[in-house]
Amino acid sequence: MSDNLYRTYFKSIIGSKPPEIAPPLSKWLGGIVREVNDDSMTVEFEVTEQMTNPGGYMHGGMHAAIMDEVIGMLVASLDKEFHFVSVNLSVDFLGNVKLGSKVVAKSQVIRQGRRIINMACEIRDTNGKLLSRSTSNMGVTEQRMDFKPRY
């Protein structure tokens, strides 16, 4: 698959935090793109105090937000004619990680249809321990992908 505008952009920021013009949630999460492939993307995040629950572990909502973010980034890079948005997100919480730790989220295309793209994502700690996993269906919108990324 050839690189499109979004895939080219994500490859250009490998190793960097999101730029100032990135969407607000992307900037707040502060993920660093580590790898961009045709059917997968890997992004690293640091668990900040604002991401933790009262026990000092990464909040479940942060697992979901990170996975939805990395899934969305990958779908944007697929060179589709129209934008896709989340239809659902099912998350399994399998482990915990403390404040200050780094986690790696990897999204993967499972199946691409014309109207629905089935995706999966896993979050692991830096030792490879599986912390959470999700599946998501992304549905097509009527908004064309014929404009520049919002980055």
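Biologist: What share of the 151 residues in the chain is buried?

Modeller: Buried residues account for 41% of them, where buried means under 20% relative accessible area, exposed means over 50%, and partly exposed lies in between (1.4 Å probe, protein chains only). Bear in mind that this is a predicted model, in which local features need pLDDT of at least 70 and side-chain atom pairs count only at pLDDT 80 or more, while totals for chains, interfaces and linings use all residues. Residues are numbered from 1 along each chain as its sequence is written, and side-chain values use heavy atoms, with hydrogens and water left out.

Biologist: Happy with that. How many helices and strands are there in the chain?

Modeller: Elements are DSSP runs numbered from the N terminus: helices are H or I with at least four residues, strands are E with at least two. Here the chain has 3 helices and 6 strands, arranged along the sequence as α-α-β-β-α-β-β-β-β. Its radius of gyration is 15 Å, close to the 15 Å from the globule rule for 151 residues, so the chain is as compact as a globular protein of that length. That radius is taken over C-alpha atoms, and the rule is 2.2 Å times the number of residues to the power 0.38.

Biologist: Now the charges, please. How many salt bridges does the count come to?

Modeller: Side chains of opposite charge can pair when their charged atoms come close. With a side-chain nitrogen of Lys or Arg required within 4 Å of a carboxyl oxygen of Asp or Glu, the count comes to 7 salt bridges. One of them joins K102 and E44, whose closest N and O atoms are 4.0 Å apart. K102 lies in strand β4 (residues 102-112) and E44 in strand β2 (residues 40-46), so this pair ties together parts 58 residues apart in sequence. K102 is partly exposed at 39% relative accessible area, whereas E44 is buried at 14%. A network of salt bridges links R34, E44 and K102.

Biologist: Which residue forms a salt bridge with E81?

Modeller: That is R144, with the closest N and O atoms 2.2 Å apart. E81 sits in the loop between α3 (60-76) and β3 (82-93), and R144 in strand β6 (residues 130-144), 63 residues away.

Biologist: And rings: where does the charged end of K98 sit?

Modeller: A charge sits over a ring if NZ of Lys or CZ of Arg is within 6 Å of the ring centre and within 35 degrees of the ring normal. K98 has its charged end over the ring of Y57, 4.6 Å from the centre.
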